[in-house]
Every structure is written in structure tokens, then in C-alpha cells.
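Good morning, everyone. Please take a look at the model on the screen, and then we will walk through it together.

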Amino acid sequence: PPLPDSPVYRTLVIRNTGNTPLKYSFEEDPLGLFIVKPMSGLIRDGLAIITVRFLANLPKTYEYKVKCTLNTKHPVILTLTAAVETPTINLPHQDSICFIPLSVDDSSSQMFGIQNTSDNQLWSGRP
């Protein structure tokens with residue numbers, strides 16, 4: 001799942017397998033969470049690649065039923081679903097991390113484990 005305020009993109013393909021041109025037109029999301037580009041077009045033969053951008057800031061699951069009208073009279077409803085998740089971490093076997101006060105030019109180090117309990121990758125390699 002994406003992080004809050006982080007856009008994600010997916011593509012879909014509309015393929016014209018007939019011998020006449022296919023016109024398509026997507027309805028705009030009134031909340032602006034799902035943005036379809038291009039919103040409309042004409043496929044003479046072959047296909048069109050459509051990009052859907054999702055961007056939201058609250059951690060929850062979003063669903064939008066977008067209407068795509070084909071040749072101005074054939075509506076097709078596509079259900080777009082996306083979820084936003086806030087990353088969470090767990091400190092196994094401890095409730096807190098305590099840093100002792102130090103003097104200038106002193107240093108100290110501590111080892112502790114961090115467990116990512118969300119589905120988001122928070123780092124790669126060593127944190």
C-alpha cells in the first residue's frame with residue numbers, strides 16, 4: 001500500500017479487436033483521488049494504454065466506480081480500489097529507548113531491534 005501523500009500509478013489497456021474505430025471516455029472522480037489519463041480517446045486499431053494515478057492522505061481503503069463510455073452509448077463500470085497505510089514499527093522486548101545524558105565530545109551506542117509491522121517497506125538494507 002502507498003504511504004500518505006505518496007502517489008501510485010497503475011496502467012490498464014483498452015484493446016480494439018474490431019474493424020471500426022472505438023471511442024472511449026472516462027468519467028472524472030469528483031474527489032480527485034483517482035485520476036485517469038487520457039480521459040478520452042479514439043482507437044482506430046490496436047490499443048490504448050491508460051494510466052490511473054491514486055493519491056490520498058488518510059490511511060484507509062478507497063474505492064471508486066469509474067464509468068467508461070464506449071462509442072458514446074455503451075457504459076462500462078470499472079471498480080478502482082486502493083489503500084493507504086501509515087507505517088508502523090515495533091520495538092520487540094522493550095517499551096522505549098532511553099538515551100543517557102552525555103557530556104560534550106562523549107558518545108554512546110545502543111543496539112536494539114526494530115520490527116516493521118506494516119506492509120510498507122520502510123528501508124532497504126540496514127536502517
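**Pocket, sheets and a salt bridge**

Let's start with the pocket. Strand 7 gives the most to the lining of the largest pocket: 4 residues. Keep in mind that this is a predicted model.

How much space lies in the largest pocket? About 190 Å³. How do we look for such a place? Rolling a probe the size of a water molecule over the atoms shows where empty space is left.

Now the lining of the largest pocket. Two or more residues each come from strand 1 (8-16), strand 5 (46-54) and strand 7 (74-83). Find some of the lining residues on your screen. Among them are Val8, Tyr9 and Arg10. Then look for Val52, Arg53 and Phe54. Leu80, Thr81, Ala82 and Ala83 line the pocket too. Pro2 and Phe34 also belong to the lining. By class, the lining has 9 nonpolar residues, 1 polar residue and 2 charged residues.

Another open sheet has 4 strands, in the order 4-2-6-7. Here, too, we find antiparallel pairing. Strand 4 (40-43) and strand 7 are the edge strands, each pairing on one side only. Neighbouring strands of this sheet are turned by 25° against each other on average, direction ignored. Now zoom in on strand 2 (residues 22-26) and strand 6 (residues 61-70). They run antiparallel, joined by 3 bridges. Phe26 stands opposite Cys68 in strand 6.

Last stop: charges. How many salt bridges does a search of the whole structure find? It finds 1. The side chains of Lys65 and Glu63 meet there, at 3.6 Å from N to O.

Are these two residues buried or exposed? Glu63 has 53% relative accessibility, so it counts as exposed. Lys65 has 48%, so it counts as partly exposed. The cut-off for exposed is over 50%.

That is the tour. Thank you.

Key: Residues are numbered from 1 along each chain as its sequence is written. This is a predicted model: local features need pLDDT of at least 70, side-chain atom pairs count only at pLDDT 80 or more; totals for chains, interfaces and linings use all residues. Side-chain values use heavy atoms; hydrogens and water are left out. On a 1 Å grid over the protein atoms alone, a cavity is a set of points where a 1.4 Å probe fits but cannot get out, and a pocket is an open set with protein on both sides within 12 Å along at least five of seven lines; lining residues have an atom within 4 Å of a point. Grid points are joined across faces, edges and corners, and a volume is the space filled by probe spheres set on the points. Ala, Val, Leu, Ile, Met, Phe, Trp, Tyr, Cys and Pro count as nonpolar, Asp, Glu, Lys and Arg as charged, and the others, Gly among them, as polar. A salt bridge is a side-chain nitrogen of Lys or Arg within 4 Å of a carboxyl oxygen of Asp or Glu. Buried means under 20% relative accessible area, exposed over 50%, partly exposed in between (1.4 Å probe, protein chains only). Two strands pair if DSSP finds at least two bridges between them. Axes are lines fitted to C-alpha atoms, for helices over the stretch in contact, and angles run from 0 to 180 degrees between N-to-C directions.
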